[in-house]
Amino acid sequence: MASEAQTSSFNHWPWAVPSLLASLLIAVSHYNYPLFHTLAEFLAIGIAITLAVVAWNMYPFTKNNFLMFLGIGYFWVAIIDLFHTLTYKDFGIFALTTSEYSIRLWLAARALEALVLLIACRYLNHALRREPVLLIVGTVAMLMTLLAISTAFPSVFIEGIGLTPFKVIAEYTIISLLVIAALLLWRNRHLLEPKIQTMIFLAIAFTIAAELAFTLFVTLDGTANLVGHIFKLFSFWLIFLATMRTTLERPFLAMARTANTYDAVPDATIVVDNNGIIQQANQAATALVQLPLADVLDQHCHQLYHPASTDHLLCPICEAIKHGRSIRNVELHAPTKNRFFDYALSPINISATQRGMVQTIRDITPRKAAENRLKESEQYNRMLFENSPIGLVLCRMDGELVDINAAYANIIGRTVSDAMKYNYWDITPEKYYAAEQALLKQLNQSGHYGPYEKEYIHRDGHLVPVRLNGMLLKKDNETFIWSSVEDIALQKKTQERLDFLAHHDPLTHLPNRLLLQDRLKHAIQVSNRSGNKVAVMFIDLDRFKNINDSLGHATGDTLLQHVANRLQLLVREQDTLARVGGDEFVILLENLRDNSDAMIIAEKMMSAFDAPVLINDHSLYFSLSIGIALYPQDGLTTGVLIKNADAAMYLSKEIGGNAYHFYTTELTDNITEKLSLENALRHAIHNNELILHYQPQYDLNSGRLTGAEALVRWQHPNKGLLQPQSFIGHAEESGLIIPVGEWVITHACTQMQNWLATGINIDTISVNISGLQFQRGNLANVIQSALKKSGLAARHLELEVTESILMAKPASTITALHELKTLGVMISIDDFGTGYSSLSQLKQLPLDKLKIDQSFVHDIPFDKSNEAITCAIIALGQSLNIRISAEGIETNEQRNFLIRHGCAEGQGFLYSEALTGNAFTHMALNQQNSCLATGPEEQHPTLQP
């Protein structure tokens, strides 16, 4: 009876345990492959280490050298496998957690396993010493581990491609070693017990199968990888069974005679008679109930080791003991200890006349906790699935739905139950059929697809744009498609809006410069084929700035929208109207026969704006300035054509607007010359090409030299000495007047301080200030810096500001002038009489001097009007207690007139032209050292020819 029970045990339970574990592991792999890998490896490692422990502890009794060597060898195989597990790419403990190092360590472990099985054959009929063998095999194992992680080891895996040839060859080499080991075992099979022999051969066969699987995988989470790990688990289990049978079952009767025989068994083990009374117990069994051995023996096993909540008459373990029936893997929950145990029973002869049972009790609480966590994880994943904001769907290869979530159903406007009635192809428009058949082929080849954009048919009939990603899943020999489905309707609308904004003006919704250039490029291509012309018409609104400044930007924006609508009515459907700037529009005219077609459209546009635009009860009149460039005569590229049309438009602006002009090459030449001049002027500032000339200023009554006006000149390297009128205007337009002005102020202050130090006794040096300096040049800081750098007292510096600058923004001008006046400098109005000064504002300005413009002095005494204006300015200055100076004095008659009517100072060619610094110094020293005649005419110096 015992023999039959043991035979049944061997035939069934050894396969049930690994089969159950394999099933659980396969299930885990579908949800979390890294977890599968970790569990599979740790199970195999645990089996190997248990095998080693049992073999080591039972060796003194069995003296089985073959199994002892296998135990030592598999211990070190387990150690390398542990490194392999911990370096797996998703484990994340070591810095070496990559696919490459993990696979290398796998090879090292399998190579050592093959060598262990090969060398173990020697110990079928040879003795061994355990400690040296343990050390030698361990040394080999560590050397193999170090080699595996070294840089000298060839690459074994390439992400996205799979195994390297070296890896495949290595696997087949290991397989060859295993085949040799099997042949050697077969040759010495008479030395092995038949059942042990069968287990060893099956273990080698499973190892070979695992290695073959590992020559086939491409991805770390593929089917081949999974199958290989399952085969490896079966192989380790069979080696473990062989060890257990030899070390435990065969010497069991001998072990039963000693009290401590079972202490090498890690699980709680007791021997009971047919009534369930405990005859023997190992240390693990006494530790489990926390009682000494004396208190355990002769107790009923149910009282100590079976669930107290169950009566012993109903206990399945007690029932099996009573009938002498073997059981395996019976799991019971002990509520008082809140733990789970796995029970196994095997019949045994306690003595020659007494039968009993060996009962092993394994605490499986950690495993049950892991299973519960897995169950909770599955529930959590289900909750995530059902509540995911992204549509999720599982379907068969023919499109039949297996599982969907609410988000997927919402995308097609249905409930989950309603949506499950429809095949995948029912909600797919026919236009996608061909593409999706090709996608299915790709899916079968690569195992995944996406991202892929298509449309679903909504319940109400409209199409919903979606984006899909998916992969193949295999379960129970059936293939499924798992897909995520994202509703991208809002993204599409947003992208369309962004595309529109990227190519259109947000105010007028007209094409912008980018879209205009694309269409112009296309128009040029069409023109090259057809031979017809293309015109680019650049339009700018005359006096728009006045409207914008006076009525506000909101009115200006509304006006631009009206202009866009009116222009749109005047262009053909094939033409393009674009807004490229504030009040700048460009019209692209295609398929023109000659220039006259563009001319007709330009005239129509100008006529269209003869009528006012009514905005907020304001009738706004304005005109257009138009420039026209033609392809191919005025340019061959989009940029050149638009630039040349812009240049032609500025020509229309310069003559007063309300006109159109065609582009000519002279316009480009003028612009090029202007840009060249501006660029040269930038270099002139840094290369010290600017110089100052100084025009003397005199007291008209005494003839005393009172000051000098600093006038900038440009010593051009190619054009020679340039006067201000040839470059100051360009400096104003480009903004270079600010650094030029700073240079003039600094050098004028330095020159004045030098004159004073030399003994030249003059009152002031005057410097002209431009409007741009006044508005943006940080003038007060510049002046403070120049005075500090030169050491000049502020009273010796006079700033000349034109009347037009002062009246541009009266309120801010008054504030700015008072700020400058606090520095102690003198302030004068230059070219007075040419602007439109307000006397009420003029009296608020901190002025020291008014300079009469030379245009009024020039015709004295022949022009009575100019005489009257000059007299009025002098009288105004006297009434405001402001000193008066005159410019452009060229004759004695002009000087005498000014003296007679009370003008204090003057300058002009009657006295001197503008002089260089050295010439001015020489002249001033000569005048101070000479004896002047007492007659009026002899007192006044004049220009010497």
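1. Axes are lines fitted to C-alpha atoms, for helices over the stretch in contact, and angles run from 0 to 180 degrees between N-to-C directions. Helices are DSSP runs (H or I, at least four residues), numbered from the N terminus.

2. The model is predicted, so local features need pLDDT of at least 70 and side-chain atom pairs count only at pLDDT 80 or more, whereas totals for chains, interfaces and linings use all residues. Residues are numbered from 1 along each chain as its sequence is written, and side-chain values use heavy atoms, with hydrogens and water left out.

3. On the H26 side, Gln751, Trp755 and Thr758 meet Gly917, Phe920, Thr921 and Leu925 of H35, where contact means heavy atoms within 4.5 Å.

4. The axes of helix H2 (residues 33-62) and helix H5 (residues 130-149) come within 13 Å and cross at roughly 155°, and H2 and H5 are therefore roughly antiparallel to each other. Trp56, Tyr59 and Pro60 of H2 make this contact with Arg130, Glu131 and Leu134 of H5.

5. The second largest pocket has 45 lining residues, and those nearest its centre are His30, Met471, Leu472, Leu473 and Lys474 (a pocket is an open set of points on a 1 Å grid over the protein atoms alone, where a 1.4 Å probe fits, with protein on both sides within 12 Å along at least five of seven lines; lining residues have an atom within 4 Å of a point). Helix H8 (residues 223-249) gives the most to this lining, with 6 residues.

Note on methods: Helices (H or I, at least four residues) and strands (E, at least two) are DSSP runs, numbered from the N terminus. Angles under 35 degrees count as roughly parallel, over 145 as roughly antiparallel, 65 to 115 as roughly perpendicular and the rest as oblique.
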